[in-house]
Amino acid sequence: MEDIGCIILNGVSVWDTRRTLDEKAFGKTDRVKIGEALSSGRIIRLGGPQNFHVYLGVNEDYIMIPRTYCSCRGFYMNTLIEGTKTHCSHLAALEVAGDRIIDLSEVLDPTLLVDIILEVINYGRSRMLRRLIYK
Ligand SMILES: [Zn+2]
């Protein structure tokens, strides 16, 4: 068989992620991060076809798809690569956030949504999003 450079991952499935989020089986680190996120308005809903959210970190921002994906290093390493955790604390915070998020989904132009996501992916954080929120 031709070698196509396939990477074999040991990560957990998205169903495991959703099950532990449903169970709210959150450890101490999760609970501390959840408290921080919800008290300081760090979760922003962008909307769009995947219901994108952003976690505004102190140094970096992360793109989140609820119950599915977070762009942080912890989710990448622990969930997707090593399979040692089913979720990161950002997804846990989003799971319990309810209406304690800043929702821009009704006012955000689709082009701006893409620009914000690309800015987070390319530069680690979004100045455009901060300007929108803190203006
Ligand atoms: Zn995360």
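**Exercise 1. In what order do the 5 strands of the open sheet lie, and what kind of pairing do they have?**

Solution. The model is a predicted one: local features need pLDDT of at least 70, side-chain atom pairs count only at pLDDT 80 or more, and totals for chains, interfaces and linings use all residues. Residues are numbered from 1 along each chain as its sequence is written.

Step 1. Strands (E, at least two residues) and helices (H or I, at least four) are DSSP runs numbered from the N terminus. Two strands pair if DSSP finds at least two bridges between them.

Step 2. β1 and β2 are antiparallel over 4 bridges, and I44 stands opposite V54 in β2. Antiparallel pairing also links β2 to β3 through 4 bridges, with L56 opposite D61 in β3.

Step 3. β3 and β4 run antiparallel and are joined by 2 bridges; here I65 stands opposite Y69 in β4.

Step 4. The bridge partner of R45 in β5 is D103.

Step 5. The order of the open sheet is therefore β4-β3-β2-β1-β5, with mixed pairing. Its edge strands, β4 (69-70) and β5 (102-103), each pair on one side only.

**Exercise 2. Describe the hairpins of the sheet.**

Solution. Step 1. The hairpin of β1 and β2 has 4 residues between the strands, and G48 takes a positive phi near 85 degrees in it.

Step 1. β2 and β3 are joined by a hairpin through 4 residues.

Step 2. In the hairpin of β3 and β4, with 3 residues between the strands, R67 has a positive phi near 65 degrees.

**Exercise 3. Is R42 buried or exposed?**

Solution. Step 1. R42 is located in the loop between α2 (28-39) and β1.

Step 1. A residue is buried if 20 or more other C-beta atoms, placed from the backbone, lie within 10 Å of its own, exposed if 12 or fewer, and partly exposed in between.

Step 2. R42 has 22 other C-beta atoms within 10 Å, so R42 is buried.

Step 3. Contact requires C-beta atoms, placed from the backbone, within 7 Å. Leaving aside neighbours within four places in sequence, R42 is in contact with A37, Y55 and L56.

**Exercise 4. Which residues have the most contacts inside the largest nonpolar core?**

Solution. Step 1. A nonpolar core is a set of buried Ala, Val, Leu, Ile, Met, Phe, Trp, Tyr and Cys residues joined through C-beta atoms within 7 Å.

Step 1. The largest such core has 26 residues, and those with the most contacts inside it are V54, Y55, Y62, I63, M64, C70 and L91. At least two core residues come from each of α2, β1, β2 (52-56), β3 (61-65), β4, α4 (89-97) and α5 (110-123).

Step 2. Beyond four places in sequence, the contacts of V54 include I44, L46, Y62, I63, V120 and L129.

Step 3. In β1, 4 of its 5 residues are buried; β3 is likewise mostly covered, with 4 of its 5 residues buried.

**Exercise 5. How do α2 and α4 pack?**

Solution. Step 1. Axes are lines fitted to C-alpha atoms, for helices over the stretch in contact, and angles run from 0 to 180 degrees between N-to-C directions. The axes of α2 and α4 are 8 Å apart, at an angle of about 60 degrees.

Step 1. Angles under 35 degrees count as roughly parallel, over 145 as roughly antiparallel, 65 to 115 as roughly perpendicular and the rest as oblique. α2 and α4 are therefore oblique to each other.

Step 2. Residues of α2 including T29, K33 and A37 meet residues of α4 including S89, A93 and A97.

Technical notes: Two residues are in contact if their C-beta atoms, placed from the backbone, lie within 7 Å.
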